[in-house]
Amino acid sequence: MTSIIDATHTQTSPVAPNPARVLVCRGCGTEYPLVAQHACYECFGPLEVGYDPALLARVTRAQIESGPDNLWRYAALLPTGQDPSTRVTLDPGMTPLVPAAGLAAELGIRAPLWVKDDSGNPTHSFKDRVVSVALTAARGLGFTRFACASTGNLANSVAAHAARAGVPSIVFIPGDLEQGKVITTAVYGGDLVAIDGSYDDVNRLCGELVETDEFEDTAFVNVNVRPYYAEGSKTLGYEVAEQLGWRIPAQVVIPMASGELLTKIDKAFSELVEIGLVEAPANGWKVFGAQSAGCNPIAAALHADTDEIIPVRPTGIAKSLNIGDPAAGLYALEAVRRTGGWMEYVDDDEIRDGIRLLARTTGVFAETAGGVTVAVLRKLVENGRLDPDAETVVYNTGEGLKTLDAVAGQVGPTYRVKPSLRAVRDAGLLG
Ligand SMILES: *Cc1c(COP(=O)(O)O)cnc(C)c1O
Ligand SMILES: [Zn+2]
């Protein structure tokens, strides 16, 4: 496979060059070229994209603001190059930042509260961001089949992106996934493989498949092209800052599965400050992580004040977050400790209440991951970890229609009456 930096292209193109320079080990700092590799040969640590600071520093607010109304407005900050004709994408991004005064009032938050609602992406979760970046990089690297190991939303997104690009796909999921996520993947017509096991079993299997000759031409978005995939999450940080008028909020609350999204929102804020697109907030920003009680290995490590993340066998309704052995857990701990944030976890009843609370106060219907995040926000206010007088953004990463079962038994018609005026009056509906 070849490098995605194409020297001839960057010289002749009228657009700015790809700012990505290397893959760098998050553990020991060893650098590698921009190829399809995700682990360090020296220490087995995960690799991350490293950029040319001089190229990043050239990016201006005006350049971004004149870009398309989707995540590609940040192309000059991503490892994909900037030629639109090379993209494998459904053009996700620029989702609403919803003011949430009603939710704030209910929770006792006095400063502005916002919900970054990513349920409106083309396949209804934030995963469209990471998949667009991963598959654009993958095609540039010469891959001809797209794949992933998924907790649900990634499956939807990879299958849809492959269909749009006319590229074959093969998607691996745990066998017990919600029907809403199976159907919204299968409908796109690629291969869908349900494995009798947990997500961690599926992920381990994909790690073995990617080494076989039969899968040599296959990009697993969260395995062999994972460093590129992870960068797509940065756009959830850039967008919030831009939508706030180029400011970074004092506090952000983020759901965690592998923990990658949390680390990349923090990375995005750091980059914006470094390259001068936003001013560093006087008191910095605090990053808060949200997990479910059924799968809380990162939060449990924080609470035990250790770096040792003990893998768990996940249970509970927040299936999109059910990664028992989280790849970026250590880096999520680092970001939360460095910024002075915190992590909490909530049980299934609290998650259901969180979904309903968010819906009732903002008009946003979240999947279980959003219920986790809102319930954790409530817990953080109650235990005093989150400052109710500081501006806060809470991330909703997925759509409620995909996990209807979570609340199906709890909500329904508030009245049932015969179709007559009298029946309506007898029910007390005329006051
Ligand atoms: C995948 C996912 C996450 C978290 O992703 P990580 O980067 O693995 O922590 C959050 N919310 C939803 C809905 C997801 O599907
Ligand atoms: Zn290393």
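**Figure 1. Lys-379 and its salt-bridge partner in the predicted model.** Lys-379 is partly exposed, with a relative accessible area of 23%. In this predicted model, the side chain of Lys-379 forms a salt bridge with Glu-350, and the closest N and O atoms are 3.4 Å apart. Lys-379 belongs to helix 15 (residues 368-382) and Glu-350 to helix 14, so the bridge ties together parts that are 29 residues apart in sequence. Glu-350 is likewise partly exposed, its relative accessibility being 28%.

Figure 2. Asp-349 and Arg-352 meet through their side chains in a salt bridge, with an N to O distance of 3.1 Å. Because the two residues are three positions apart in helix 14 (residues 348-362), about one helical turn separates Asp-349 from Arg-352.

**Figure 3. The salt bridge between Asp-266 and Arg-338.** The side chains of Asp-266 and Arg-338 are joined by a salt bridge of 2.6 Å, N to O. This pair links distant parts of the chain, 72 residues apart: Asp-266 lies in helix 11 (residues 260-274) and Arg-338 in helix 13 (residues 329-339). Asp-266 counts as buried, with a relative accessibility of 4%, whereas Arg-338 counts as partly exposed at 45%.

**Figure 4. A network of salt bridges.** Salt bridges link Arg-26, Glu-48, Arg-226, Glu-231, Lys-234, Glu-260, Lys-264, Lys-267 and Glu-271 into a network. In the whole structure, a search finds 28 salt bridges.

Terms used: Residues are numbered from 1 along each chain as its sequence is written. Chains are lettered from A and ligands numbered from 1 in the order in which they are written. This is a predicted model: local features need pLDDT of at least 70, side-chain atom pairs count only at pLDDT 80 or more; totals for chains, interfaces and linings use all residues. Side-chain values use heavy atoms; hydrogens and water are left out. A salt bridge is a side-chain nitrogen of Lys or Arg within 4 Å of a carboxyl oxygen of Asp or Glu. Helices (H or I, at least four residues) and strands (E, at least two) are DSSP runs, numbered from the N terminus. Buried means under 20% relative accessible area, exposed over 50%, partly exposed in between (1.4 Å probe, protein chains only).
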